[in-house]
Amino acid sequence: MIEKIKKYSTTNRLVLLGIVLGVLFGVFLPQLALKQQVIGQIFISFLKMLVVPLVFSSIYVSIVGLGSLHTLKSIGLRTIALYIFTTALAVFTAILAMNMIPIGEAVSAHGLEYAKASEVAPLSFGSMILSFIPTNIFHALSNGSMMQIIVFSALFGVASLHLKEERKQLVLDFFTAVTNAILIMAEWVIKLTPIGVFSLISYVIAEQGAQVIIGLWKYVLMVLSVLLIHLFITLPAVLAFFGRINPFRYLSNVREASIMAFSTASSTATLPVSMRVVEEVGGVDKKNASFVLPLGATVSMDGTAAYLTVAVLYISHLAGVDLSFADQLWLGVTVVALSVGVAALPSASLVMMVVILNQLNLSVEYIALIVAVDRILDMARTSINVTSDLVVVKIVDQLQKIKKPSV
């Protein structure tokens, strides 16, 4: 374990070096930084290549490996409850911060354009539920529809629990081998991380430019402050209380996944890294990691929920609208519910933003004022999303280990 931690520490240092060099390269050589984007895209493509087979096989193996529907129900309810709880805490932190320091001066929406907003179809509870169910599993697999893949693989796993032992073992052995092979491939790709991170960061800096952040510095600072509070105070407190471990030592050991999430701005692309890190240096049982993390990559959105809450309240201030306590409470409930439910849809954060603004009778055109810094903030909130996954999987693992002796 100590040798593995040292190995990941070396990788982390190289990744951080890649970030620093990427920032400098993007600032001082922006034209070259824009031209080398393909390197980062190749790195992301390799990671995404692994996600669908890894999610499908790992969810199946974890469910069948649990052995019984009773155990599945126990770990499933704990996982969903913890994901909702941490998301609610992130939203509460954002609401509290925006009430203590209400940034945003009134601005007219006249002349603002946000074409994408009109392209978002109205979202209903029925359409959200239907989006979870694959009508063609091969179409879902080819399109990477993660929630549909999770639903099918979970049902497939539950059905396999009813097979005769020899047939169940045959299928279990196959998907176990698939999972192990994919994780070996993930290890190969992970070795490219410093180069991929350098390319991605330098491109973002060159494309966005520092002036974009300067113009919205109060908004950017508020979002980052809320995310950092959730990262360094809320999540460690939750982990210490429920997991009964030193949260900072654990989060330090598994930080490579959070760094990767920041660099790639993709929870699903980070999944292979998260699974390997929590198992090898986080001390998490493989069965628990295989169930909790793929689910979290789709439905756990602490960072996104906090970001959306700040953004909506900021827009309400720009519109000159003071939301009542009841309105803010409804905002919090809506963000938490949508964070769990809309993750399977494309452009999830956009869909959520438009739905919430419409419910509060706020003009969606105001999105045009903050979309310039969305790419940079997306990196930060994705890192928090993944860190929340790392916290929840450790808590679930600890609770399952405590429960084992009494079984």
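**Arg 244.** I started with the accessibility of Arg 244: at 62% relative accessibility it counts as exposed (over 50% relative accessible area; buried is under 20%, partly exposed in between, with a 1.4 Å probe and protein chains only). Arg 244 sits in the loop between helix 12 (217–243) and helix 13 (247–253). I looked up its phi too: about 55 degrees, positive although Arg 244 is not a glycine. Most residues other than glycine have a negative phi, so I made a note of it.

**Housekeeping.** This is a predicted model, where local features need pLDDT of at least 70 and side-chain atom pairs count only at pLDDT 80 or more, while totals for chains, interfaces and linings use all residues. Residues are numbered from 1 along each chain as its sequence is written, and side-chain values use heavy atoms, with hydrogens and water left out. Helices are DSSP runs of H or I, at least four residues, numbered from the N terminus.

**Ala 265.** Here I found another positive phi in a residue other than glycine, near 55 degrees. Ala 265 is in the loop between helix 14 (255–264) and helix 15 (267–280). Buried or exposed, I wondered about Ala 265? At 16% relative accessibility, Ala 265 counts as buried.

**Helix 16.** I checked the length of helix 16 (residues 286–299): its 14 residues should span 20 Å at 1.5 Å a residue, and the end C-alpha atoms are 20 Å apart, which agrees (expected span is 1.5 Å times one less than the number of residues). Twelve of the 14 residues are buried, so I put helix 16 down as mostly covered. Among the buried ones are Phe 291, Pro 294 and Gly 296. At the N-terminal end, Asp 285 caps helix 16, with a side-chain oxygen 2.9 Å from the backbone nitrogen of Lys 287 (a polar contact is a pair of N or O atoms within 3.5 Å; within protein, one must be able to donate a hydrogen and the other to accept it, and sequence neighbours count only if both atoms are side-chain atoms).

**Helices 3 and 9.** I looked at how helix 3 (residues 37–66) meets helix 9 (residues 165–190): their axes come within 9 Å and cross at roughly 150 degrees. That makes helix 3 roughly antiparallel to helix 9 (over 145 degrees). The contact residues divide into 20 nonpolar, four polar and one charged.

**Ser 349.** Ser 349 belongs to helix 19 (residues 348–359) and is partly exposed, at 23% relative accessible area. Its C-alpha atom is 7.3 Å from that of Thr 304, 45 residues apart along the chain.

Conventions:
Axes fitted to C-alpha atoms, helices over the stretch in contact; angles between N-to-C directions. Helix = DSSP H or I, 4+ residues; strand = E, 2+ residues; numbered from the N terminus. Parallel < 35°, antiparallel > 145°, perpendicular 65-115°, else oblique. Nonpolar A, V, L, I, M, F, W, Y, C, P; charged D, E, K, R; others polar.
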